[in-house]
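Thanks for coming. I have one structure to go through, and I'll keep to a few places in it.

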Amino acid sequence: MGTKINHISYFLPSKTLSNEELSVEFSDHTPEQIFKKTGVKTRTHTTPDQIGSDMAFLAAEKLFLDSSLNKQDIGFLVYVTEGLDYKAPATAGILQDRLRLPLNIGAIDVPLGCSGFTHALGISKMIIESGQADNVLLLFGDTPSFVSHPKDFVLRSLFSDAGAAIWVGKSDNNSIGNFIYGSDGSGAKNLFVDQSSTRNPLDHKWLDNNDDANGMLYGQMKMDGLEIFTFSLKRVPLLVNDILEKNKLSIEDIDLFVFHQASNIILKSIQRKLKIPDDRMAYYLEDFGNTVSISIPIALSESIKEGRVKKGSKVLVAGFGIGYSWSGTVLYY
Amino acid sequence: MCIFNIVKIEDLIEKLEEEFEEIEVGSIKPETEFTDFENWGSMHALIIIALIDMEYDVTLTGHDLKKMRTVQDLFGIINEQA
């Protein structure tokens, strides 16, 4: 018995932010420089009336239209986000109701970011291969734009909001390989949403100080770019080697490397360090930006559409970042 | 740990000149300051971290970057750690 990704659907909000628009706000950067730095041309931004779970809901509706998944056959729902609807109850339960899914399903939230997709995929494999459900619905919705300060050029030039829905099901062949997971909370403060919850709730002073930024009501993402860069440069090659070893494969066996689309320079540096040829490396930053946990689903979906992934392809997927947290596996198509 | 000094400053300069296309070959000297590089910014710092990691297996930290002003300083840090 095995597990398989049967279908991926994603949703992008309609509002976009171009390099031309950014360079008007940040006049010391030309559109060309912004593209050179980030590898991004367009980012998608949502609005407060369409939050993460709304985008996950819309992606799920699309999944039901585009695939043969029957709602009655779903046994478990996992919602991955860093922007939950409420502190309680779980947003996954709210999505169960909104999507009119059966009552006899498990529904949990996984509040992870850049490593969210690969962790959630591992969780689906655990659920399915331990015989607890035959079909798992993975939902994703992330809204980094809500926690990016309007004057923070680095965050605003990189991140995008998006949603995704993935149907993972039982299959005769094992299409999802063995997983590697990792966590290192000592890096928590290097990518961090400040004043966002119980440990440090927002207060009057915060609201006053952020008066010019609409109060930064959802908290503020703070990134030490240098630390995140060196973490990625050190950790991801080790992660890739561990994934290959655990799946008894070598780097030459992999047809496509789909990493979390962190930023152009991070991906380029990892590619160079691992000596991955250009045609076997996925870059989907240009039209999408860094969509947090949705970046690997989008990249997979696009590479399938482009014919870069076909029957017989071996695809290594690896998520890494905020936490620090990292995970990955090999997908056999 | 290396028992003898294998990194030569000429090699480092050559690698930096290769890395930054906009820099003319022969224009970097040991005493060249990084802020003299055209459009010097955080992006260049990341490129240097990646280059030194690849070529010399030394991971520069934010602290290293803050204390290095010239190419000679960078050379010193690499030799301390290589």
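Helices here are DSSP runs of H or I with at least four residues, strands are runs of E with at least two, and both are numbered from the N terminus. This is a predicted model, where local features need pLDDT of at least 70, side-chain atom pairs count only at pLDDT 80 or more, and totals for chains, interfaces and linings use all residues. Residues are numbered from 1 along each chain as its sequence is written, and chains are lettered from A and ligands numbered from 1 in the order in which they are written.

I start with a loop. A:Thr198 sits between strand 9 (191-194) and helix 7 (204-209) of chain A. Is A:Thr198 buried or exposed? A residue is buried with 20 or more other C-beta atoms within 10 Å of its own, exposed with 12 or fewer, and partly exposed in between, with C-beta atoms placed from the backbone. A:Thr198 has 6 such neighbours, so it counts as exposed. Its C-alpha atom is 9.5 Å from that of A:Lys87, 111 residues away along the chain.

Next, helix 2 of chain A, residues 31-38. Its buried residues are A:Ile34, A:Lys37 and A:Thr38.

Last, the contact between the chains, where two residues touch if their C-beta atoms, placed from the backbone, lie within 7 Å. Ten residues come from chain B and twelve from chain A. On the chain B side, helix 2 (residues 42-56) gives the largest share, seven residues.
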